[in-house]
Amino acid sequence: MKPGPGTYRVGGKIYASVLGLLSPRPPFVQVIPLSGRYIPKPNDVVIGTVTDVQGTFWLLDIGAPRWAPLHMTGTPWQVEIGETEKFLHVGDSVVVRVENLDATGRIGVTMLGEGLGKLEGGSIERISPARVPRVVGRGGSMIQTLTRRTGAQIAVGQNGRIWIDGDPDAIARVREALRMIEDEGQRPGLTEKVDSYLKSTETSDDTGPIEPARESAHRDAPESPYAGPGEFPSERPDADSTDRDEN
Amino acid sequence: MGSVGAKDVPVLFSPEGLRIDGRRANELRPLKITAGALKQADGSAFVEWGANKVMAAVYGPREVHPRHLQQNTKAIVQCKYNMAAFSVDERKRPGLDRRSQEISKVIAEAFESVVFAEEFPRTSIDVYIEVLQANAGTRCAGLVAASVALADAGIPMADLLPAVAVGKAGGQLILDLKKEEDNYGEADLPMALVPQSGRLVLLQMEGHMTRDELSTALDMGVAGCRQIYEVMKAALRTRYEVAAPAEGAA
């Protein structure tokens, strides 16, 4: 076995370097982090907040280790040098895509592409980036449940920032549901639980008829959405921490 | 400490081999660690160790402030150790003093030697340690809390850093001094261990010991650190425990 992400090797033994779940991917062994800041990957769609405005670019806080510069040429607008502040101000929120990463940790993002742009209205909620797959759900089942039950508009960034728009009551219910997902993300039957919570708080005027039949396909499936490493969330409950040698 | 009349010194080690709180020479005080005690921070931990209560919060890796401290090839570790005004009997004058600066420095350096800082160039990992109640050994308690908080923050590192002090009181080497043993004792030797490699990344000494005593004290400290290590791992496991899938939806 070779040391993969989240591990390191000393003297023929492989140790975990982050707290997480063990996931062997022969010939590599890796540890999937359970916590931590957002680590950007190319092509991730993320939600950022403007923290600084410069002559030719804006700096975005996307919850990553460093601020990400959004260059004026990476926007759909005709921006003249020095006129950046006419378009985005400190505190504005945007949906951008991670374009490139370099060895110095610089994160290049772009606003050119479908579904990208400035966010108007709504509110932003933060969750742990490790929980994003749970919020999306298998094949988007969780996010569908949330929008269908509340009528709110939701955009999920891979960095754990979630934009919610709708009437105040709907936003509050989505927020509460997100807290449930964050606290109990590892448990099975989560979509069901969130669904029944949202159902119980439903007021007569908020949503149209509900088709439970569509959702039942996802009901009994364990909540592990991606074919990626997140596949084995509950198999090794104790494979945590910076301590085990697995070789 | 000034001169203390012989009569005032409590019996720190009884003929039966017991200390003032009834512990044996190589026994730790009760230790309880809660990982993830704060919501806001990227990682956090609360440590109750004997009468010590210490909170640690970790932020980062994040942008460096002030900018000129930024390093092009790695993350820097910044630590701020602080004692609350109410943490000791006589009000502690708030703010930076020589002692807290020293402790901040040695703790930051201890972490710099285990954190994989090269993974996050030009960033800062900020560690905050707040002592709410002090009863000797707060730098070790702070280090333990901060280490669990770093793991909770998902920071890659070689290992957790358990820490403990060994001291000499009543002519006897004892593990994990409490306040009276520290105040009236003859020596204090705090240390922090990397269990994976067996290396010590923090070692300080106050007072006097013979060479033989020092070598025995180091062994006692390392053994103590290994016990503390287990408590640290258990705290992290509790925090991220996965409910048994068999029970179905709760």
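Average pLDDT for chain A comes out at 83, with 81% of the residues scoring at least 70. Where pLDDT is low, though, the predicted coordinates should not be read in detail.

As for the fold, chain A has 14 strands to go with five helices. Of its 247 residues, 39% are buried. Looking at contacts between residues at least 6 apart in sequence, 63% of those in chain A link residues at least 24 apart.

Helix 2 of chain A spans residues 141–150. Its buried residues are S141(A), M142(A), T145(A), L146(A), R149(A) and T150(A). These cover an arc of only 140 degrees around the axis, so they end up on the same side of helix 2 of chain A. Just past the end of this helix comes G151(A), with a positive phi of about 75 degrees.

Then there is E85(A), which belongs to the loop joining strand 8 (68–71) and strand 9 (93–101) of chain A. Buried residues need 20 or more C-beta neighbours within 10 Å and exposed ones have 12 or fewer; E85(A) has 13 inside 10 Å and therefore counts as partly exposed.

Key. Residues numbered from 1 in each chain as written. Chains lettered and ligands numbered in written order. Predicted model: local features only at pLDDT ≥ 70, side-chain atom pairs only at ≥ 80, totals over all residues. Helix = DSSP H or I, 4+ residues; strand = E, 2+ residues; numbered from the N terminus. Contact = placed C-beta atoms within 7 Å. pLDDT = per-residue confidence, 0-100. Arc of directions from axis to C-beta.
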